[in-house]
Amino acid sequence: MCGIVGAAARRDIVPVLIEGLRRLEYRGYDSCGVAIVSNGQIGRVRSVARVADLASRVNGERIAGVTGIAHTRWATHGAPATENAHPLVSSGEIALVHNGIIENHDELRAELQAKGYRFESQTDTEVIAHLVHSLYRGDLAEAVRAAVKRLTGAWSAHVSAARW
């Protein structure tokens, strides 16, 4: 079962995100990852191994920040592979994790590809990230609300943005 962890604080939240993922390991998963917003940039590390491997990789890449999201995933769209692990990022500006299924993802993917969005994964989650990015007009909350109106299925999602 997928798991989502989010954190915001006045200190580095990477240890909080990793601990949150560790506490979700009992649920089972095939990949995991974290995305951190720091200095207007998104830092992301993903793994198809255990959370302990992710923690080592995060330490090696020295990502840190005060806002971030993390995820453990069971594959529904796309194989258990690093490119399909969450968080998914759109244009280096929107990081998103998602649980559930977006039933109209194929239709939305085609629409977004026609607008020039390139997909790196086979997931329906990346569709949501690009959709939010495509709808942004100065108000991130409004872009998320507009995207939600376009999605069909049973799901939940959490978004982090590098700026806005």
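Tutor: We shall discuss helix packing and then backbone features. This is a predicted model, in which local features need pLDDT of at least 70, side-chain atom pairs count only at pLDDT 80 or more, and totals for chains, interfaces and linings use all residues. Residues are numbered from 1 along each chain as its sequence is written, and side-chain values use heavy atoms, with hydrogens and water left out.

Student: How are two packed helices described?

Tutor: They are described by the angle between their axes and the distance between the axes. Here the axes of α3 (residues 105-114) and α4 (residues 124-135) come within 10 Å and cross at roughly 45 degrees; axes are lines fitted to C-alpha atoms over the stretch in contact, with angles from 0 to 180 degrees between N-to-C directions. Therefore α3 is oblique to α4 (under 35 degrees is roughly parallel, over 145 roughly antiparallel, 65 to 115 roughly perpendicular, the rest oblique).

Student: Which residues of α3 and α4 make the contact?

Tutor: H105, L108, R109 and L112 of α3 meet D124, V127, H130, L131 and S134 of α4, where contact means heavy atoms within 4.5 Å.

Student: Where is N39, and what is its phi?

Tutor: N39 is in the loop between β2 (31-38) and β3 (41-47), and its phi is near 50 degrees, a positive value in a residue other than glycine. N39 is exposed, at 77% relative accessible area (exposed is over 50%, buried under 20%, partly exposed in between, with a 1.4 Å probe and protein chains only).

Student: Which peptide bond is cis?

Tutor: The bond from H86 to P87 is cis, with omega near 0 degrees.

Methods. Helix = DSSP H or I, 4+ residues; strand = E, 2+ residues; numbered from the N terminus.
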